[in-house]
Amino acid sequence: MASVLELVCISSALILHNAEVTVMEGRIHALIKAAGVNVEPFWPGLFAKALANVNIGSLICNVGAGGPAPAPGCCTSRRSCPSTDAAPAEEKKVEAKKEESEEPDDDKGFGLFD
């Protein structure tokens, strides 16, 4: 579970992302100070470095996703998630495998209550 200090830094980073501003240590610190929250000085720098080379939009859209494709219906903000063309091909392969592996529905004389 995230601590209150971590949540403050996460919220600040999300606010900056929503405002389409680069996430930097000074900006996170300014938001935290404006909110009137006291955090240890290493937290804003830690989050700024962790998010320096990360596409926050795709990170938000892919929370809980099992693969590189964005979750359906995500990104209701002004930005859109990066899409991948691999997802439809993978779905077709999965459907084809399911069709091949299905067996006829023969109960061979055995029923549930026999």
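What covers the buried residues of α3? The cover includes α1 and α2. The buried residues in question are Trp43, Pro44, Gly45, Phe47 and Ala48. The model is a predicted one.

**Overall fold**

The protein has five helices and zero strands. Read from the N terminus, its elements follow the order α-α-α-α-α. It has 114 residues, of which 19% count as buried. Among contacts between residues at least 6 apart in sequence, 43% join residues at least 24 apart.

**Packing of α2 and α3**

Two packed helices are described by the angle between their axes and the distance between those axes. Helix α2 covers residues 25-35 and helix α3 covers residues 42-50. The two pack at an angle of about 135°, and their axes lie 8 Å apart. Because of this angle, α2 is oblique to α3. The crossing in which α2 passes α3 is right-handed.

On the α2 side, the contact is made by Glu25, Ile28, His29 and Ile32. On the α3 side, Pro44, Gly45, Phe47 and Ala48 make the contact. By class, the residues of this contact divide into five nonpolar, two polar and one charged. Pro44, Gly45, Phe47 and Ala48 are also listed among the buried residues of α3.

**Two individual residues**

| Residue | Relative accessible area | Class |
|---|---|---|
| Ser58 | 17% | buried |
| Glu20 | 45% | partly exposed |

Ser58 is found in helix α4, which spans residues 56-61. Its relative accessible area of 17% is under the 20% cut-off, so Ser58 counts as buried. The side chain of Ser58 reaches the backbone oxygen of Asn55 at 3.0 Å.

Where is Glu20 placed? Glu20 sits in the loop between α1 (4-18) and α2. The phi angle of Glu20 is near 60°, a positive value in a residue other than glycine. With a relative accessible area of 45%, Glu20 is partly exposed.

**Summary**

In this predicted model, the chain is built from five helices without strands. The α2 and α3 helices pack at about 135° with axes 8 Å apart, and their crossing is right-handed. Ser58 of α4 is buried, whereas Glu20 is partly exposed.

Note on methods:
Residues numbered from 1 in each chain as written. Predicted model: local features only at pLDDT ≥ 70, side-chain atom pairs only at ≥ 80, totals over all residues. Heavy atoms only, no water. Axes fitted to C-alpha atoms, helices over the stretch in contact; angles between N-to-C directions. Helix = DSSP H or I, 4+ residues; strand = E, 2+ residues; numbered from the N terminus. Parallel < 35°, antiparallel > 145°, perpendicular 65-115°, else oblique. Left-handed = near helix turned anticlockwise from the far one by under 90°. Contact = heavy atoms within 4.5 Å. Nonpolar A, V, L, I, M, F, W, Y, C, P; charged D, E, K, R; others polar. Buried < 20%, exposed > 50% of the residue type's maximum accessible area, 1.4 Å probe, protein only. Polar contact = N/O pair within 3.5 Å; in protein donor to acceptor, adjacent residues only side chain to side chain.
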